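Subject: The structure you asked about

Hi,

Here is the structure for you to open on your side. Have a look at it first, and then read on for what turned up.

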Amino acid sequence: MPFCPNCDYEYKEGVAICPDCGTQLLSKEEYVTSEEWNEENWVVAYIAQQEYEADMLKDNLESAGITAMILSQKDRNFPAPGDFSQIKIMVHKEDLEEAIQFIDKIQKNETTENNEGETE
Ligand SMILES: [Zn+2]
């Protein structure tokens with residue numbers, strides 16, 4: 001059964017990408033045994049405050065060929081809505097430098113392009 005390490009959820013056979021978060025699904029065995037998902041191979045490239053920001057960065061990184069993973073640490077016991085969540089963008093160690101530069105570039109574009117709504 002394909003399994004999303006991000007959502008902690010199993011999907012039907014044949015599903016390759018998590019419909020919820022876009023993470024590449026693994027079999028449960030892979031998830032447990034794969035070095036790929038060994039935390040030691042992953043480093044934090046960026047900490048986002050908003051889920052849409054994390055999603056956007058992940059999409060951009062992956063379109064640039066950098067494997068990225070979103071690790072959100074929402075504590076459901078916390079009464080405050082969202083404010084204390086930290087959404088980490090994880091990349092492979094060897095991709096870290098490239099990822100950081102890439103994120104930096106994206107953010108510079110974001111500030112000049114000004115997407116819908118939020119102005120600063
Ligand atoms: Zn997922």
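Below is a walk through the fold, sheet by sheet, with a few residues picked out along the way.

First, a word of caution: this is a predicted model. The mean pLDDT of the protein chain is 79, and 71% of its residues reach 70 or more.

**Overall layout**

The protein chain has 6 strands and 3 helices. Read from the N terminus, the order is β-β-β-α-β-α-β-β-α. There are 120 residues, of which 19% count as buried. If you take the contacts with a separation of 6 or more, 51% of them are between residues 24 or more positions apart.

Strand 1 (residues 2–4) and strand 3 run antiparallel and are joined by 2 bridges. In one of these pairings, Pro-2 has Ser-27 of strand 3 as its bridge partner.

Two loop residues are worth a click here. Asp-8 is in the loop between strand 1 and strand 2. Its phi is near 60°, a positive value in a residue other than glycine. Most residues other than glycine have a negative phi. Is Asp-8 buried or exposed? Asp-8 has 8 other C-beta atoms within 10 Å, so it is exposed.

The other one is Ile-17, in the loop between strand 2 (9–10) and strand 3 (26–27). Ile-17 counts as partly exposed because it has 13 C-beta neighbours inside 10 Å. Setting aside neighbours within four places in sequence, Ile-17 is in contact with Gly-22, Gln-24 and Leu-25. From Ile-17 to Pro-2 is 15 residues in sequence, and the C-alpha atoms of the two are 8.9 Å apart in space.

On one side of strand 6 (residues 87–92), 6 bridges join it to strand 4, and the two run antiparallel. Strand 5 and strand 6 pair over 5 bridges, again in the antiparallel sense. Ile-87 is a handy residue for seeing both pairings: it is the bridge partner of Ala-48, and Ser-72 stands opposite it too.

Further along strand 5 you will find Leu-71. With 16 C-beta neighbours inside 10 Å, Leu-71 counts as partly exposed. Which residues does Leu-71 touch, not counting those up to four places away in sequence? The answer is Lys-88 and Met-90. Leu-71 and Lys-88 are 17 residues apart along the chain, yet their C-alpha atoms are separated by 5.0 Å.

**The nonpolar core**

The largest nonpolar core has 17 residues, and Ile-89 and Val-91 touch the most other members. Which elements give two or more residues to this core? They are strand 4, helix 2, strand 5, strand 6 and helix 3 (96–113).

Apart from neighbours within four places in sequence, Val-91 is in contact with Trp-42, Val-43, Ala-45, Leu-61, Ile-66, Thr-67, Ala-68, Leu-96 and Ala-99.

Cheers

Definitions and conventions:
Residues numbered from 1 in each chain as written. Predicted model: local features only at pLDDT ≥ 70, side-chain atom pairs only at ≥ 80, totals over all residues. Helix = DSSP H or I, 4+ residues; strand = E, 2+ residues; numbered from the N terminus. Buried ≥ 20, exposed ≤ 12 C-beta atoms within 10 Å, placed from the backbone. Contact = placed C-beta atoms within 7 Å. Pairing = 2+ DSSP bridges. Core = buried A, V, L, I, M, F, W, Y, C linked by C-beta atoms within 7 Å. pLDDT = per-residue confidence, 0-100.
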